[in-house]
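This briefing covers the ligand surroundings and the pocket of one predicted model. The structure comes next, followed by notes grouped by topic.

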Amino acid sequence: MHLDSRLYLISPPQVPDLAAFAEAFKAALGAGDVASLQLRLKSADGSAVPDDDVLYAAEALMPIAQKNEVAFIINDRPDLVLKTGADGVHVGQSDASCKKARAILGDDATVGVTCHDSKHLALVAGEEGADYVAFGAFFPTKTKETKFKAETSLLEWWSYATTLPSVAIGGITPENCRPIVRAGADFLAVSSAVWDHPEGPAAAIKAFEKSISEA
Ligand SMILES: Cc1ncc(COP(=O)(O)OP(=O)(O)O)c(N)n1
Ligand SMILES: Cc1ncsc1CCOP(=O)(O)O
Ligand SMILES: [Mg+2]
């Protein structure tokens, strides 16, 4: 059985130095297999940042993703996906619905949906045309305040019951990811474990690849 999960990077919530982050992103991509980057910019209180901040960051980062065949996903905002020509959007349960995002973006775009710890939300997202469902948080995280805790049994059930890809998110590190990989997550969505790795993002990607291959 092929267990390999792929990496789905989430940007840090704040990117005060875009040039420095672009270099960190390049270093991550040069170190191993990365499937996608989600541009997720949030103010310190978790609220939205000005549209121009997202547009400016997308302008700098999307060409790097494209050059490396890495999907470029924008968080929350299908309208900004249209404006930038990004590959898709990730929407949560309080954002535009999957149906609405699909109506705005058409069939070719990627639409991913947060489903917390819920089979029901995931089945609904699948019916509404989601390209992937995201479950979490699997571990404590400082990147986002989370109310939901997902278990690996949900990933096992999902991969047994459906063919729609699953993304696992929340506090995932090279040290704790093995059970999630074994449970069948198609993607590991990671932010702080990559950007805050003490030896840098390239070392983080290599450590993830090692753990994934050993899972
Ligand atoms: C891959 C992935 N999974 C879950 C989330 C969380 O989305 P949401 O619940 O809308 O919260 P915010 O990220 O918007 O704060 C995500 N962004 N990506
Ligand atoms: C956006 C999001 N949604 C649930 S947990 C989370 C944060 C993921 O970041 P990290 O990998 O640093 O825990
Ligand atoms: Mg959201």
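β1 and β7 each supply at least two residues of the shell around ligand 1; strands here are DSSP runs of E of at least two residues, and helices are runs of H or I of at least four, numbered from the N terminus. The model is predicted, so local features need pLDDT of at least 70 and side-chain atom pairs pLDDT 80 or more, while totals for chains, interfaces and linings use all residues. Residues are numbered from 1 along each chain as written, chains are lettered from A and ligands numbered from 1 in written order, and side-chain values use heavy atoms, without hydrogens and water.

**Ligand 1**
- Arg40, Asp76, Asp95, Thr114 and Lys144 come nearest among the 15 residues around ligand 1 (near: a heavy atom within 4 Å).
- The shell around ligand 1 has five nonpolar, five polar and five charged residues; Ala, Val, Leu, Ile, Met, Phe, Trp, Tyr, Cys and Pro count as nonpolar, Asp, Glu, Lys and Arg as charged, and the others, Gly among them, as polar.
- A polar side-chain atom of aspartate 95 lies 2.9 Å from an oxygen atom of ligand 1, and one of threonine 114 also lies 2.9 Å from an oxygen atom of this ligand.
- On its own, ligand 1 has 420 Å² of accessible area, of which the protein covers 91% (Shrake-Rupley method, 1.4 Å probe).

**Ligand 2**
- Residues around ligand 2 include Arg40, Thr141, Thr143, Lys144 and Ser192.
- By class, this shell has two nonpolar, seven polar and two charged residues.
- An oxygen atom of ligand 2 is 2.4 Å from a side-chain N or O atom of threonine 143, and a backbone N or O atom of glycine 171 lies 2.7 Å from an oxygen atom of the ligand.
- The protein buries 92% of the 370 Å² that ligand 2 exposes when taken alone.

**The largest pocket**
- A pocket is an open set of points on a 1 Å grid over the protein atoms alone, where a 1.4 Å probe fits, with protein on both sides within 12 Å along at least five of seven lines; lining residues have an atom within 4 Å of a point.
- The volume of the largest pocket is about 1100 Å³, as the space filled by probe spheres set on the points.
- Of its 45 lining residues, Arg40, Thr143, Lys144, Glu145 and Thr146 are the closest to the centre.
- β6 gives the most to the lining, with four residues.

Technical notes: A polar contact is a pair of N or O atoms within 3.5 Å; within protein, one must be able to donate a hydrogen and the other to accept it, and residues adjacent in sequence count only if both atoms are side-chain atoms.
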